[in-house]
Amino acid sequence: MTVTEAAAERLVRIGEVARDAGVSVRAVRYYEQQGLLIAERSPSGQRLYRQDTVTLVRFFQQMFAAGLTSRRIAELLPCWDTGHTDAEQRAMLRAERDRIQAKVDDLQAALDRLDEVIAITDTHP
């Protein structure tokens, strides 16, 4: 798709993507370098992205926060884009989900312990 063809879709500049997604411009460039995003170029060479790029960048941020690598996120993108998966992709998705759930469980246990300490300290000023 060229910039002209995408004009009806309203492409946005890198700064707008970064601002709306709550990340730095540098992060958006990194995602592009990792093959997670594809930018169109304006006649003057500026990076332009589809409007749904903000949603993708937020997804990347969530996956990075959950401990996924850019390589693993790249493996997830076909699932995101098409909604279709093969058996290997489904197994990978389930394995990542199980790993994240274990982290959530560990964090919940830590939160419960902190609540106990807070309750004790509330009764002993």
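The model contains an open sheet of 3 strands in the order 1-3-2, with antiparallel pairing. Strand 1 and strand 2 (40–41) lie at the edges with a single partner strand each, so one side of each has no neighbour in the sheet. Strand 1 and strand 3 are joined in the antiparallel sense over 2 bridges, and Val12 stands opposite Tyr49 in strand 3. Two strands are taken to pair if DSSP finds at least two bridges between them; helices (H or I, at least four residues) and strands (E, at least two) are DSSP runs numbered from the N terminus.

The structure is a predicted model, in which local features need pLDDT of at least 70, side-chain atom pairs count only at pLDDT 80 or more, and totals for chains, interfaces and linings use all residues. Residues are numbered from 1 along each chain as its sequence is written, and side-chain values use heavy atoms, with hydrogens and water left out.

The secondary structure of the protein amounts to 5 helices and 3 strands, which follow the pattern β-α-α-β-β-α-α-α along the sequence. The radius of gyration of the protein, taken over C-alpha atoms, is 20 Å, well over the 14 Å given for 125 residues by the globule rule, so the protein is more spread out than a compact globule. That rule is 2.2 Å times the number of residues to the power 0.38. Along the principal axes, the C-alpha atoms of the protein fill a box of roughly 70 × 40 × 25 Å.

Helix 1 (residues 14–21) has Ile14, Val17, Ala18 and Ala21 as its buried residues (buried: under 20% relative accessible area, with a 1.4 Å probe and protein chains only). These residues cover an arc of only 95° around the axis, which puts them on the same side of helix 1; the arc is that of the directions from the helix axis to the C-beta atoms. The buried residues of helix 1 pack against strand 1 (12–13), helix 2 (25–33), strand 3 (47–49) and helix 3 (53–65). Helix 1 is followed by Gly22, which has a positive phi near 75°.

In the protein as a whole, buried residues make up 28% of the 125 residues. Of the contacts (heavy atoms within 4.5 Å) with a separation of 6 or more, 52% are between residues 24 or more positions apart.

An unreviewed UniProt entry places the feature "coiled-coil region" at residues 90–117; such annotations may be inferred rather than shown by experiment. In the model, this span is 100% helix and 0% strand, and its end C-alpha atoms lie 41 Å apart.

Key
Buried < 20%, exposed > 50% of the residue type's maximum accessible area, 1.4 Å probe, protein only.
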